[in-house]
Amino acid sequence: MPAGQSQTDTHAWKKIVARYQQPSVGRALWQVVNTVIPYIALWVAMWFTLKISWWLTIPLAVIAGGLLVRTFIIFHDCGHGSFFKSQTANHILGAITGVLTFTPYYHWRWEHAIHHSSSGDLDRRGTGDIWTLTVQEYIEASRWKRFSYRLARNPFILFVLAPLFLFLVLERLPSRKAPIRERYSVYLTNLALGSMAAGLIWLFGLKAYLIIQLTVLMVAGSAGVWMFYVQHQFEGVYWERSEEWDYVKAALHGSSFYKLPKVLQWFSGNIGFHHIHHLSPRIPNYHLEKCHKAEPLFQTVKPVTFFASFKSFTFRLWDEQRRRLVGFGHLRAIRRQQRQSARG
């Protein structure tokens, strides 16, 4: 049990989330029908529009990118064992949607479990999260590390180039620490992706396939990385050292309630209710909104609205003294204080 959390509190929230953890076969199948099937249909439509005009094809590719984000949420729920009641069904659909999203199912599932067990813990950063340094770590870092960190935190790198690199390169390589099943899931996914790409190149031609596939991946990857970033890099976010880390606080205050317009909420598969998801990953995405609206516990979480979320662009470092995220400009204030102290 996390420090500072009473047994009564633990029983209370576990009893609440248990009401929403039961998967619904009907709702799950309907999500597959209204997400995966339209995604495949858009590829068919793009094949026909190529004969007419790229001005028709590219907008369809952008919409396909949005549907791929929603497909990833289905894949994500399968990884948590929450989409279907049957774990065999979760694994089969997870492997299929993993190919569509360029992500090896078992390997990603293994890494993502580490993220859930360590989110908000300053001493366990580094797996399945956005690279985040504390102010003191940045000050003490080498010049090369500071340069690398600034580059990694550049919005163009972080939200445009990094997603493509993640899904095209990093997801093709298994972690050395991964168990054997997880490593083989990478190899088998790569084989399936190669076969799928070969078939689509035969249908579309190499140039058309690359343009369409890269457009779809760029839209989906950029949106996905941005969502993940805002879910864990927002004003008032919770971070603690391991000895003070609390599971419930890390879930409710270390993961945002990203309140999106309805159309974006649909495309993102309700994952904006991320505080509830981190509290109980066994709640399927199609129950998250109902859970949030029905339970007073979740009404205390301050939402991050769509426009307010752009403030997250300015967050770069965690200030342990002030217990908040700050920008690089904060370093100048620290240096001024240090010079004044030295003169004094």
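Guide: pLDDT (the predictor's confidence in each residue, from 0 to 100) stays under 50 over residues 1–8. Where pLDDT is low, the predicted coordinates should not be read in detail. Counting heavy atoms within 4.5 Å as a contact, the model gives residues 1–8 14 contacts beyond four places in sequence.

Visitor: Which element has the highest mean pLDDT?

Guide: Elements here are DSSP runs numbered from the N terminus: helices (H or I, at least four residues) and strands (E, at least two). The protein averages 92, and 95% of the residues score at least 70. Helix H1 (residues 7–18) has the lowest mean, 68, and the highest, 98, belongs to helix H4 (residues 87–100).

Visitor: What is the volume of the largest cavity?

Guide: A cavity is a set of points on a 1 Å grid over the protein atoms alone where a 1.4 Å probe fits but cannot get out; lining residues have an atom within 4 Å of a point. Grid points are joined across faces, edges and corners, and a volume is the space filled by probe spheres set on them. The whole structure has three cavities of 30 Å³ or more, and the largest is about 120 Å³.

Visitor: Which residues are closest to its centre?

Guide: The largest cavity draws two or more lining residues from each of helix H5 (105–118) and helix H10 (206–232). Of its 16 lining residues, the closest to the centre are Ser119, Gly120, Asp129, His232 and Trp239.

Visitor: Which helix gives the largest share of the second largest cavity's lining?

Guide: That cavity holds about 40 Å³. Its lining is His116, Ser119, Trp245, Tyr247, Ala250, Ala251 and His278. Three residues, the largest share, come from helix H11 (residues 247–254).

Visitor: Why do E1 and E5 each have a side without a neighbour in the sheet?

Guide: The open sheet runs E1-E4-E5 with mixed pairing, where two strands pair if DSSP finds at least two bridges between them. E1 (133–134) and E5 (324–326) stand at the edges, so each has a single partner strand.

Key
Residues are numbered from 1 along each chain as its sequence is written. This is a predicted model: local features need pLDDT of at least 70, side-chain atom pairs count only at pLDDT 80 or more; totals for chains, interfaces and linings use all residues. Side-chain values use heavy atoms; hydrogens and water are left out. On a 1 Å grid over the protein atoms alone, a cavity is a set of points where a 1.4 Å probe fits but cannot get out, and a pocket is an open set with protein on both sides within 12 Å along at least five of seven lines; lining residues have an atom within 4 Å of a point.
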